[in-house]
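Please examine the sequence and the model before reading each solution.

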Amino acid sequence: MEDDLKSLHEAVLVADEDAALKETRRLLEAGADPRTILETGLAAAMFELGQRWNRGEAFLPEVVAAADVFRLCGELVEPALAARGEKQARHLMVIGTVKGDLHDLGKNIVAALLRTAGFEVRDLGKDVSAERFVEAVRELRPKILGLSALLTTTMLEQKTVIEALAGAGLRPAVKVIVGGAPVTAQWAREIGADAYAANAPQAIEVALGLVGGAASGGGGGGGGG
Amino acid sequence: MAEMEGLRVLSESEIAEIHEAALAVLAECGVFVDSPRALEHLAAKGATVDSATGRVRIPPALVEGALGGCPSWFTLYDRDGGEAFRVGGREIHFATGSCAIRYQEGREVRPSLAEDLVRLAVVTDALPQVEVQSTAVVAGEAPKTLADTYRLYLVLKHSPKPVITGAFSEKGLFDMMALLGAATGSRTGEAPCAIFDVCPSPPLKWTAISAANVMDAAAARLPVEFVSMPMPGAASPVTLAGSVVVHTAETLSGIVLAQTVRRGAPVVWGGAPVGFDMRYGTTPLSAVEATLIAVATAQMGKHYGLPTHTYAALSDAKVLDAQAGAETALSGALAALARINLIAGVGALDFVGTQSSEKLVLDAEVCGMIQRALRGVEVSPETLARDLIKGLGPGGDYLSQKHTRGHFRSETCVPGLVIDRLDRKGWEGKGGLDASARAKERVAAILADHRPRTLEPERAGKLDAAMRRVMAYAGCESLPFVGEG
């Protein structure tokens, strides 16, 4: 069991999707505690990768691929957790690129790094309308909403989303982080966002700050923070 | 004099392979166009359009036909109707970098304001090596909805040099056309003094605004510069050849859109290749492989017989330091050796997010050196100076010769004071300043002394009126520098 967890950890680290999914299934079938799989196997690997990235030893293609494997394995574990009346104890962040903007690379990097930092991330994709953001906040009740815009032409849409949230009475329910090349701290203040991040590492820092310093919303530590 | 051969990184057969690959991408995969209007138009012109998914597949014949309609050069004018130069052929011209949102003085960086753009216009105007200005920074005072038009207003008002610019919305392009008409007194599309950058969204996508800008600018015969931005390993294949294929496919799709709206509309085969740093996720424009892509894509453009452009002669450094100088000179020289007609980026730092007048005056010196290098070595009886050498013999003194007086100005690139050529004592006597401090002094001197040619009063009045109409529409009462008329 220890060994299996180690293999899972290793498979996530090197983004070996087949091996990671296989190990996850094997552990679940063997009756391992889904929370242990999630935290000691999956999240700890992401955490380690995040640290390697911080040290300049891991590179983005590796981090992004591992985050994807992490997400897929997490989806396998989810039903087992639910069957025990539990759910992921991580803070949820919803993220997306605003309407009219087809750039999602920066947003994808932020999503991947957030996963290494232990957040549960729902990525709504690109060209996301204000209505869809509002709907997602209403249904999923995330702690944080991240709005990405790369273009001077589309950053206005960040304002539209924040106004739509207010219109739906949801603004107090969620912290909004805005980012993207043309976005500035001043713009964030102007449109009433809660925070601004200039780059992906800062987005992680800011997100952690908004949830009080740890991405795990209580429950076992397991290196997820 | 031997014409200096252009730098080539692709062989003729490799160019053909890239062309075939790009045609296959366009025919079999196509591009995504987020504009019902453009989709309808392209379907009517023979593209295979899936309006549900926005996917446009373009048959090779449509591409070849569109390429056949593009002019191989056009004349760019200044604001006051004077011919500036031809865009195309082997000439190269440097332009200020555009699209920055910050202005930097020394180490101080701030969100850019109208006065900063005016400074950049005046400084560019004073630098003969930089023949094209750009709407280099956004002016923070302007509401976002008219930020594009206000940028153009400011530069038209403060320098007659031709402009590289771009619209931020569909309406913006028309507002900008109105400003250009007022400032130049010419009809839209005649004697153009502005080139419009339009960017596809990598990879293989066109936003509604970009698609509309291409169509509307082409209809008005405004020169459109396609600025595809391959990003190896992130938004295009990590292999440089694959990135060139994506760039070629994107640019060809833009040309099809423009030429099917108006055959013969002037277009520029441009680009802003970037690197993608796998550690930080940043997009360095001065990564050496980005410059290689620029050279390769320009070879494609030249193969199609089109005027070419790239971002180069810029740096991703955050201050005016050794990195800034090295990156600017290396990418600028490689782009120039490739004979890329418009090299835009001068003055830019920090992933083109920041503009600096200090960097601009230093870069201008680099541009001057590059232009001199491209002129090469002129060989003629007069320059060989056989008789002079024989006449003076061993130990001859050339300094006092008429031959020297007659030729030193054309043979030598004499740099400005930003480039230090004093002896050590002289340098120490001048305060021992480094390049960045000397650049600061040069900028101060230009701003104190240089007066660009002013806009003729009647046209200035019309320009103000046009700007005020745009402001009134946006409910904006006043902006810096906009006259009351």
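Helices (H or I, at least four residues) and strands (E, at least two) are DSSP runs, numbered from the N terminus. The model is predicted: local features need pLDDT of at least 70 and side-chain atom pairs pLDDT 80 or more, while totals for chains, interfaces and linings use all residues. Residues are numbered from 1 along each chain as its sequence is written, with chains lettered from A in the order in which they are written.

**Exercise 1.** State how many helices and strands chain A has, and their pattern.

Solution. Chain A has 9 helices and 5 strands. Along the sequence, they follow the pattern α-α-α-α-β-α-β-α-β-α-β-α-β-α.

**Exercise 2.** Why does the radius of gyration of chain A agree with that of a compact globule?

Solution. The radius is taken over C-alpha atoms, and the globule rule is 2.2 Å times the number of residues to the power 0.38. For 225 residues the rule gives a radius near 17 Å; chain A has 18 Å, which agrees. The C-alpha trace of chain A spans about 55 × 40 × 30 Å along its principal axes.

**Exercise 3.** Describe the contact of chain A with chain B.

Solution. Residues are in contact if their C-beta atoms, placed from the backbone, lie within 7 Å. Chain A supplies 17 residues and chain B supplies 20 residues. On the side of chain A, helix H4 (60-83) and helix H5 (105-116) are the elements that give two or more residues. By class, this side of chain A has 10 nonpolar (Ala, Val, Leu, Ile, Met, Phe, Trp, Tyr, Cys and Pro), 7 polar (the others, Gly among them) and no charged residues (Asp, Glu, Lys and Arg).

Note on methods:
Contact = placed C-beta atoms within 7 Å.
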